[in-house]
Amino acid sequence: MARTGKVTVVGAGFYGSTTAQRLAEYDIFDEVVLTDILEGRPEGLALDMNQSRPIEGYETKVTGATTTPEGEGYEATAGSDIVIITAGLPRKPGMSRMDLLEVNAKIVRGVAENVAKFSPNAVILVVSNPLDEMTAVAQIASQFPKNQVIGQAGVLDTARFTNNVAEAANVEVARVKTLTLGSHGDTMVPVPSQSSVDGKPLTEVLDAATVDELVDRTRNGGAEVVKLLKTGSAYYAPSAAVARMARAVHEDSGEVFPVCAWVDGEFGISGVYLGVQAKLGAGGIKEIVETPLTDEELAGLKEAAEAVRAKQADVQNL
């Protein structure tokens, strides 16, 4: 098997380390670099992953690198084709949303500036929260073309919606198709008109009240996991989502994913990062796909766009 290219995962928490493991086990990259500001953590995790190669049968090398906010250690990431930013802090008790925004904007800005310095041609995939704002921060800080900076949310939210529908309908997940657009959380726009079970419209399989319940559960999918875990947040499904996006970019597949992308005229919406469907490949986003929507769904998407626009305006000077 031909292995090519280099991908970096910034942040070696559960999300980042699981993402690095998934990417390595694809066995399609020459190298996966995992970084963190906690000295020794990325190196230790990389060593552990490399020692699993004989068991799992992959050859991709994992490199760990301790970095600093000032940029030390980023030499290990130089020449990356794809950089996944997971770095950031979760909200703590007593911390407002704006507090979190300011803290994580500073972290993501520093990361994006170092990415631009060491990997000027990379595609950046952002997963740090709050997602929409952090995607905008990464683009502003890197000054990369907007199609090279993409946020991950829709792949995860759609997977959660699909799983929820499959459980409610008591069928295998492979028999279910769903879609979520808009954004992560309150401004998510589930798209029932593009959702089905065995090819039958979702509304013919489940009653309206059940669909509404599943939509609400999907919007709160992350919070549901956090509540059960007590400490920490989801990482298995999120890491699977961003790793799949990275693979599509690496393989120049043109596969369509719901992602946080810069919208410039599509759906009658311009000048905002928003959850839409897009073809991914070499260089990032190849094309925004204007999914057929009902009038109600389109109205929801436009409403989400304005809510996101207001939030992204907050980060211009952070």
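This is a predicted model: local features need pLDDT of at least 70, side-chain atom pairs count only at pLDDT 80 or more; totals for chains, interfaces and linings use all residues.
Reader: In what order do the three strands of the open sheet sit?

Author: The general idea is that strands of a sheet pair through backbone hydrogen bonds, either parallel or antiparallel. Here the order is S7-S10-S11, with antiparallel pairing. Strands are DSSP runs of E with at least two residues, helices are runs of H or I with at least four, and both are numbered from the N terminus. Two strands pair if DSSP finds at least two bridges between them.

Reader: Which strands are at the edges?

Author: S7 (176-177) and S11 (200-201), since each pairs on one side only. S7 meets S10 (residues 196-197) over two bridges, and Val176 stands opposite Val197.

Reader: Where's the cis peptide bond?

Author: Between Asn129 and Pro130, with omega about -5 degrees. Pro130 is in the loop between S5 (123-126) and H5 (131-142).

Reader: Is Asn170 buried or exposed?

Author: Buried means under 20% relative accessible area, exposed over 50%, and partly exposed in between (1.4 Å probe, protein chains only). Asn170 has 71%, so it counts as exposed. Its phi is near 60 degrees, a positive value in a residue other than glycine.

Reader: And what is phi for Lys230?

Author: Near 75 degrees, also positive. Lys230 is exposed at 68%, in the loop between H9 (221-229) and H10 (236-251).

How values were computed:
Residues are numbered from 1 along each chain as its sequence is written. Side-chain values use heavy atoms; hydrogens and water are left out.
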